[in-house]
Amino acid sequence: MKLSRRTFLKLSGMTVTAAALTGLGFKVKSAAAAPLRTASAKETTTICPYCGVGCGIICHAEGGKIINCEGDPDHPINLGSLCSKGSALSQVANNDLRLRRVKYRAPGSDRWEEKTWDWAVSEIANRIKKTRDESFVTTDAGGALVNRTEGLACLGGASLDNEECYLYSKFVRGLGVVYLDHQARI
Amino acid sequence: MLTERPAPREPYAREAFGEAIARCRRGHESDPGLLDLASALFGVQAALSGDLESDTCGDLGAADWLQRAAPAVAAAVAASSPSAPAGLRGIAASLRQVGADTALAAAGGDGEALTALSAETGVDEPVLYFVLRNAMQPFYAKTYRPEGDVSLPYPMRQTCPACGGRPFMARHALPDGHRFLCCAACGHEWAYPRMACPACGQTDHKRVEVMYLPGSEGHRVYLCSACGRYTKAADERLLGGSAYLPLEDLVTVHLDELARKRGYIPVNDKGPAPQGAEQERFH
């Protein structure tokens, strides 16, 4: 392949390598000669939702679907390592058994009903308010002001991060909840 | 279990090259002649590097080194190429003829110097540049040493911490995929974040696309829509062993072509991205 001087000046390192190989007589595998089917993916960082360690993960997605998950080597917590659950994280997203809609089983019922998210959030809010109102204690037996509810208990999840725990704690303390605990035991 | 962060690999790592070339030969995907060329290049560069290490070269300057190394590299390239230009055999005399400054400028990629040398030798500029660049690399590898701890990805360095050159390719190292960039000029490696563009340093993952050929996922191209540049990467976990980047570069020139067809330019290209690049496609 004979390149004009002007053409060469426009070329950059990698392309020069291909041109050099051609100039030396090699048949460089050409995308034009034999159209190569390419695939493309996006890499996105996320945090593992399973436990309180909070390992960093890089998710590979092709066409909006997660095809692979790997530990983020630059994450200060796990430096690229993952446990067996974290390594299988893509199975959370790609799983026929995953619940995608709200299911409700009424007290005493033997079947699940499909509900909307709006219905579920309203129902939870109504029940919390009802329970709180019924069990709210303003003063204790000694007459001290306590303003608490003894009918509700809240349990935080291990995958909540620092800020989520703060908001969750603020919210339920505001309701008057005193039975507040966390499930993480690591 | 957490593992130690891997260290950057020294230039001309014999074990890594041995593993990589054996893998390529087993795979039957690469032109055997190309692998012979890679072997010949590695052999001559490692020998030249050994000369420098053993101080048999005394205090040779860059121009003297080029005069000494270029004929050896040219001979190795000519011996393992199907139709090497005859002018390569007389490269020593041609280098003397054009003078030290022009010869060194040509090795650095200067267009005018390469043109002058091409007229003298009758060899195309890309072939000349290929030979001279590979001849100078052992010298730069010995002359420049990385400063500071380059096994950590921060602070981010888009240029070589040893010589200031630009990277030509990335390696995702065993066992956990830590990314190392390799300098096109001196061959030294340094750590770089996985989720940052090696050309412009931007860290928005939405602006980076990963392109590969199905069945050859070990070689990938990272396309950055922010700066219009691409970076080839060899993932040792998917390749099943060590990657030797100068070799991986030779066997993946088709990926360069694919990336350029989409309007991207190489990571070490200082110029502006060509017009019509698919920039900001993902916004």
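Two residues count as in contact if their C-beta atoms, placed from the backbone, lie within 7 Å. The views show a predicted model, in which local features need pLDDT of at least 70 and side-chain atom pairs count only at pLDDT 80 or more, while totals for chains, interfaces and linings use all residues. Residues are numbered from 1 along each chain as its sequence is written, and chains are lettered from A and ligands numbered from 1 in the order in which they are written.

**View 1. Chain A and its elements.** Among contacts in chain A between residues at least 6 apart in sequence, 33% join residues at least 24 apart. The chain holds six helices and eight strands (DSSP runs numbered from the N terminus: H or I of at least four residues for helices, E of at least two for strands). From the N terminus, the order is α-α-β-β-β-α-α-β-β-α-β-β-α-β. Of the 186 residues in chain A, 18% are buried (20 or more other C-beta atoms within 10 Å of the residue's own, with C-beta atoms placed from the backbone).

**View 2. Confidence along chain A.** Mean pLDDT, the predictor's confidence in each residue from 0 to 100, is 86 for chain A, and 86% of its residues reach 70 or more. Helix α5(A), residues 117–135, has the highest confidence, at 97, and α1(A) the lowest, at a mean of 43. Over residues 1–14 of chain A, pLDDT stays under 50; the model has 30 contacts beyond four places in sequence for this stretch.

**View 3. The contact of chains A and B.** Chain A gives 44 residues and chain B 51 residues. On the side of chain A, two or more residues come from each of α1 (5–10), α2 (13–23), β1 (39–47) and β3 (65–71). The largest share, 10 residues, belongs to α2(A).

**View 4. Strand pairing between the chains.** β1(A) pairs with β4(B), residues 208–213, in the antiparallel sense over three bridges; pairing requires at least two DSSP bridges between the strands. A:A39 stands opposite B:Y212 in β4(B).

**View 5. The largest nonpolar core.** A nonpolar core is a set of buried Ala, Val, Leu, Ile, Met, Phe, Trp, Tyr and Cys residues joined through C-beta atoms within 7 Å. The largest has 95 residues, and B:L66, B:A70, B:V77, B:V131 and B:L132 have the most contacts inside it. Helix α7(B), residues 125–143, supplies the largest share of this core, 11 residues. Leaving aside neighbours within four places in sequence, B:L132 is in contact with B:L66, B:A70, B:A106 and B:A107.

Terms used:
Buried ≥ 20, exposed ≤ 12 C-beta atoms within 10 Å, placed from the backbone.
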